[in-house]
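Opening the notebook on a new model today. I want the overall layout first, then a closer look at one helix.

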Amino acid sequence: MSDIEANKAVARRYMRAVEEGDVDTIEALQHPDCQWWILGHGDMSRADFIASVKGGLLSARKRTAEVIAITAEGDRVAVEVRGEMVFPDRVYRNEYHNLLIIRDGQIVSGKEYMDTRAVAEAFSAAEGGQ
């Protein structure tokens with residue numbers, strides 16, 4: 001398997017772990033020094049990112065993370081994802097673009113883009129806003 005195909009496989013495994021709520025795999029696929037940048041939040045450490053993921057994933061009753069497309073070049077993997085999280089009081093749907101830098105089988109850097117309006121509508125309503 002080429003490095004590009006191996007990197008795409010890591011990205012697919014990561015998205016599957018998100019869908020399954022498999023926090024152990026999410027953690028294992030990230031390098032200890034992994035850094036994230038999330039649209040609307042900015043820079044996040046690995047620990048802060050994982051804490052944020054845990055808060056969302058573990059409180060959702062059901063999750064889907066449908067990979068629409070993957071494009072890779074070198075250590076960069078771009079993943080288009082259609083996601084849905086079902087909570088007791090709401091359903092959150094969004095489209096994502098993740099740009100992952102993968103080296104030696106682990107994510108060393110990630111950028112996540114999504115519709116921030118969908119985030120605000122789903123989570124401000126849950127927090128008593130709007």
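This is a predicted model: local features need pLDDT of at least 70, side-chain atom pairs count only at pLDDT 80 or more; totals for chains, interfaces and linings use all residues.

How many residues does helix α1 have, and how far does it reach from its first C-alpha to its last? I looked up α1 and got residues 3-20, which is 18 residues. The end-to-end reach is 25 Å, close to the 26 Å expected at 1.5 Å a residue.

Next I checked which α1 residues are buried. I noted Asn-7, Lys-8, Val-10, Ala-11, Tyr-14, Met-15 and Ala-17. Residues three or four places apart in an α-helix point the same way, because there are 3.6 residues a turn. What comes after α1? I found Gly-21 there, with a positive phi near 70°.

Then I zoomed out. I counted four helices and six strands in the protein. Reading from the N terminus, I wrote the order down as α-α-β-β-α-β-β-β-β-α. The radius of gyration is 14 Å, close to the 14 Å the globule rule gives for 130 residues, so I call the protein as compact as a globular protein of that length. I also took the extents of the C-alpha trace along the principal axes, and they come to about 50 × 25 × 25 Å.

Of the contacts with a separation of 6 or more, 48% come from residues 24 or more positions apart.

Last, the surface and charges. I get an accessible surface of about 7,400 Å², with 47% of it belonging to carbon and sulfur atoms.

Technical notes: Residues are numbered from 1 along each chain as its sequence is written. Side-chain values use heavy atoms; hydrogens and water are left out. Helices (H or I, at least four residues) and strands (E, at least two) are DSSP runs, numbered from the N terminus. The radius of gyration is taken over C-alpha atoms; the globule rule is 2.2 Å times the number of residues to the power 0.38. Contact means heavy atoms within 4.5 Å. Accessible areas come from the Shrake-Rupley method with a 1.4 Å probe; for residues, only the protein chains shown count as cover. The expected span of a helix is 1.5 Å times one less than its number of residues. Buried means under 20% relative accessible area, exposed over 50%, partly exposed in between (1.4 Å probe, protein chains only).
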